[in-house]
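Here is my note on the model, as numbered points.

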Amino acid sequence: MQCSALRKNGHVVIKGRPCKIIDMSTSKTGKHGHAKVHLVATDIFTGKKLEDICPSTHNMDVPNVRRDEFQLVHIDDGFLNLMTSDGAEKNDVKLPEGELGQKIQADSDAGKELLISIIAAMGEEAAISYKEAPK
């Protein structure tokens, strides 16, 4: 996708990482011609801030970001054991670190049924949020 066609809150690949654009600005064309686009984005998996500057006519890669909800069956050795809507098992997603992981663990231990939101892009997957399953 052309740099000039990217938008705030869209996704872009910077330094080989899928990122969400949080800020972008365009500089005017200079003496020799090209307008430049300054992108500020956060990595959708690590939360790190990345920046890039490219000519507005150049192409940038846009990752295919998918978001799905899965039902949590149980937590096994730091990995989430999930069930898809069609009943298939999925157990290759790590329990997130920090506060989110602790909350999921605590609510799971309390016997609550949880729906976990998984974000996937470029061969990586991560749990980003959860909510209690409707009864």
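1. A salt bridge here is a side-chain nitrogen of Lys or Arg within 4 Å of a carboxyl oxygen of Asp or Glu. Arg66 and Asp68 form one, with their closest N and O atoms 3.3 Å apart. In total the structure holds 8 salt bridges.

2. On the basis of the values: this is a predicted model, in which local features need pLDDT of at least 70, side-chain atom pairs count only at pLDDT 80 or more, and totals for chains, interfaces and linings use all residues. Residues are numbered from 1 along each chain as its sequence is written, and side-chain values use heavy atoms, with hydrogens and water left out.

3. For burial, the cut-offs are under 20% relative accessible area for buried, over 50% for exposed, and partly exposed in between (1.4 Å probe, protein chains only). Arg66 is partly exposed at 46% relative accessibility, and Asp68 is partly exposed at 29%.

4. Glu69 forms a salt bridge with Lys131, the closest N and O atoms being 3.4 Å apart. Glu69 lies in strand S5 (residues 66-76) and Lys131 in strand S9 (residues 124-132), so this pair ties together parts that are 62 residues apart in sequence. Strands (E, at least two residues) and helices (H or I, at least four) are DSSP runs, numbered from the N terminus. Glu69 is partly exposed at 38% relative accessibility, as is Lys131 at 43%.

5. Which residue does Lys90 pair with in a salt bridge? The partner is Glu125, and the closest N and O atoms are 2.9 Å apart. Lys90 lies in strand S7 (residues 89-94) and Glu125 in strand S9, so the pair ties together parts that are 35 residues apart in sequence. Lys90 is buried, with a relative accessible area of 14%, whereas Glu125 is partly exposed at 30%. Elsewhere, salt bridges that share partners join Arg17, Asp43 and Glu124 into one network.

6. As to the fold, the chain has 1 helix and 9 strands, in the order β-β-β-β-β-β-β-α-β-β from the N terminus. The radius of gyration is 19 Å, well over the 14 Å that the globule rule gives for 135 residues, so the chain is more spread out than a compact globule. That radius is taken over C-alpha atoms, and the rule is 2.2 Å times the number of residues to the power 0.38. Along the principal axes, the C-alpha atoms fill a box of roughly 65 × 30 × 25 Å. Of the 135 residues, 35% count as buried.
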